[in-house]
Amino acid sequence: MTAATPPIGSTVLGYPRIGPDRELKRALERYWDGRLDQAGLARVAEDLRTRTWTELAGSGLDSVPGNTFSLYDHVLDTAVLFDAVPPRFRELGLSAVDSYFAMARGHGKTAPLELTKWFDTNYHYLVPELGPGTRFRLAGDKPVTEYREAAALGIETRPVLPGPVTFLLLAKPEPGAPAGFTLLDLLDDLLDGYAELLARLAAAGAAWVQLDEPAFAADRTEAELAALRRAYDRLGALPERPRLLVAGYFGDLGPALPVLAETPVDGVALDLVAGGPAAGAAVHSLPGLRGKTVVAGVVDGRNVWRTDLEAAASACASLLGSVGSLGVSTSCSLLHVPYDLDAETGLAPALRDRLAFARQKIAEVVLLGRALTDDSPAHSAAIREATGRARRAGSARSRDDRVRARLAALRPEHRRRAPAAERAAAQRERLGLPALATSTIGSFPQTSEVRRARADLRAGRIDEAGYAERMRAEIRRVVAVQEEAGLDVLVHGEPERNDMVQFFAERLDGCTATEHGWVQSYGSRCVRPPILHDDVSRPAPMTLDWTTFAQSLTSRPVKGMLTGPVTILAWSFVRDDQPMATTADQVALALRDEIRDLTAAGIRVVQVDEPALRELLPLRAEHRKSYVDWATGAFRLATGAAPATVQIHTHLCYSEFADVLDAIDGLDADVTTIEAARSRMEVVGDLDAAGFARDVGPGVYDIHSPAVPTVDELVRLLEAAVAAMPAERLWVNPDCGLKTRRYAEVEPALRNMVTAARTVRRRLGVA
Ligand SMILES: Nc1nc2c(c(=O)[nH]1)N[C@@H](CNc1ccc(C(=O)N[C@@H](CCC(=O)N[C@@H](CCC(=O)N[C@@H](CCC(=O)O)C(=O)O)C(=O)O)C(=O)O)cc1)CN2
Ligand code: MET
Ligand SMILES: [Zn+2]
């Protein structure tokens, strides 16, 4: 190490990697289809890295993050880097890149690693499987090679990796790991790997390395805090290493900050947006930070609003006396926002003036960085000018007095339906369904013809009537497939939806969808989160025609299909000038009107999806009750006008329900469908034990895999479920929607599912 610590100055904690035009998505999908070879994929990847570094360096940032590229996921990259590859993938004998993709997506009968939510975001990472036999070693060199690749372009980067403790906390014990095994037992071994990597990065010339420890924005045990101390005492003491910047984002580091302040790391990056004022205030009381670099994350890395730069500059300035060196940054990686506002040509100017995407946020950070290091009048004038523009644009927000009046008139009874037992009896009578009734979660395969029809409509090659005709043809097919399979409650298949959130946002006032604002969700899959910028209302029915059309084709009940208020918020960029609860209630009122229209048109079952209920659960327990209150309150407001005879379903996925059992109960839905196949139906027993008294549809097969479940497998799972809960309260359905599957998989899978349900009904004598 050299004596003087090079300043971080202005930086961002990470950057999108899918490509401004989703170049990586297209290359990956071509590679997986056999239409691009490894060399071609590598060329696209290298080109994206070059463009990213060149752009970041050229924008005036003082420190450019490195190793932010990933072919699929950065947690998977880290597992492979340290050789945490489960034997089932090694045994496949594939090339390095194909073995990596096998871990991400499975290979033949070999199941992939589990995919789960990255903290409280809509990004998904692959969960490393670790056991007592895991032997970490530095098996790869991706961070070093990419450091050198950038250096060859004349760009010094700061390699970014998940920190060792967060990496372990994100992993799960491998199947069959002994009961006494704890992931943190592996820390020392993993630190050997990190130490070797740091030495290699130092030798390559890296001045700084960033290790991300967002796991410490959530509540952690004493043992976990001790692991954090041990990790950074050890890495900090290495003789040959780059400077270490530990980044804790998605909230306030709480007790982890004093721990880090006492370790020999050189800097910490704090999230002053999600962490709130407490995160900054904590700095002053920690003498350990006086000799360190503190990077103030004042530009929101997860939302799309322009920063109030004067407020951000003063938040930074207030830290100056308490830290060794001050840097300025985004609050977290920019992975969660779209690339460039300039690509959006269709936005209303008043809205555009309020927005900043990744590129615009970089400009904000650069400006703040310059103002902090140089108090020339030009910089303060630029800050003042930008702040004035942002504040004027923000205050130009329109108010919808009708929506406001409806909200003000809400009473508790608007969020209350008839008692559950009364509803159950009324619905049994009206629907006449068997025990173990069969259904699906909503979407059917989004075929290329369906997507092409949408592209044709956008390009003007077909008109609305032509588009509607193609969608109705698809709905006819979906209904026929379900009748042929023998399902009890049908769906229309959602062919008309580009996305379950964007579709609604496009039909609501107060929301705007983007054209190019793609954000990676997992691997090659992307979403365009809409922007919820003004008071929300529903100008006209959104789903009525498609649903009643489907119902007209069959005598079996067709489920109306809506996305719930919590999920619409979770998967959008939401205005930050009023509580989430208020925006959620506005969305809920729009859905309430839709449910009223559906039930008036004779629809007997309505599903309101809330897959993001768990995702938005605050990382710290102290904030959870108020979240659960508003989240369940909004759902009940949406569904509260449904008569007792109308059956309300909800759907949740992405496991870890244990944390939200109260919230699930608080939704007061008649039927709750959940992901369960991978946990072998355990969640059914958990719900029953928690006193959950309504119907449950545990997913009996994993829709993330192309494999068609056999009747025997399905019967075994159903028998496990009926052992934990009475058959009269159980439904039979897949884990989630079928949109990413093909008909060739879906048709036999649904036939087998119905056969399995009938078999178990017969065995129980409940047919
Ligand atoms: N918002 C949201 N978040 C979510 C989920 C979700 O469903 N929605 N589910 C979970 C994540 N799962 C996901 C599963 C699938 C996709 C997905 O398939 N995304 C599609 C895009 C879906 C879409 O918006 N489709 C549009 C536009 C698609 C497109 O790329 N069109 C082409 C042209 C049309 C063509 O020929 O295909 C283009 O613009 O270039 C449409 O159907 O209209 C993709 O990456 O490809 C995303 C997330 C959790 N978070
Ligand atoms: C991510 S949950 C998906 C629910 C939606 N109704 C579907 O089937 O696609
Ligand atoms: Zn789902």
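The structure is a predicted model, in which local features need pLDDT of at least 70, side-chain atom pairs count only at pLDDT 80 or more, and totals for chains, interfaces and linings use all residues. Residues are numbered from 1 along each chain as its sequence is written, while chains are lettered from A and ligands numbered from 1 in the order in which they are written.

By an automatic or database domain assignment, the protein is divided into domain 1, residues 23-395, and domain 2, made of 422-446 + 477-764. The centres of these two domains, taken over C-alpha atoms, are separated by 33 Å. Contact here requires that the C-beta atoms of two residues, placed from the backbone, lie within 7 Å, and in this sense 34 residues of domain 1 are in contact with 28 residues of domain 2. On the side of domain 1 that touches domain 2, helix H1 (23-32) and strand S2 are the elements that give two or more residues.

Turning to a sheet, three strands form an open one in the order S13-S16-S18, with mixed pairing. Its edge strands, S13 (509-512) and S18 (573-574), each pair on one side only. S13 and S16 (residues 531-537) pair in the antiparallel sense over three bridges, and Asp 509 has Ser 537 of S16 as its bridge partner.

The "binding site" annotation, taken from an unreviewed UniProt entry, covers ten positions listed there, among them Lys 117, Cys 526 and Glu 615; such annotations may be inferred rather than shown by experiment, and their positions follow the numbering used here, with feature names shortened. The annotated residues are spread over 594 residues of sequence and also in space, up to 28.1 Å between C-alpha atoms.Lys 117 has its place in strand S2 (residues 115-117). A residue counts as buried if 20 or more other C-beta atoms lie within 10 Å of its own, exposed if 12 or fewer, and partly exposed in between, with C-beta atoms placed from the backbone; Lys 117 is partly exposed because 17 other C-beta atoms lie within 10 Å. Leaving aside neighbours within four places in sequence, Lys 117 is in contact with His 124, Glu 615 and Tyr 654. Cys 526, which lies in strand S15 (residues 525-527), is likewise partly exposed, with 18 other C-beta atoms within 10 Å. Not counting residues up to four places away in sequence, Cys 526 touches several residues, including Arg 22, Lys 25 and Trp 518.

How values were computed. Two strands pair if DSSP finds at least two bridges between them. Helices (H or I, at least four residues) and strands (E, at least two) are DSSP runs, numbered from the N terminus.
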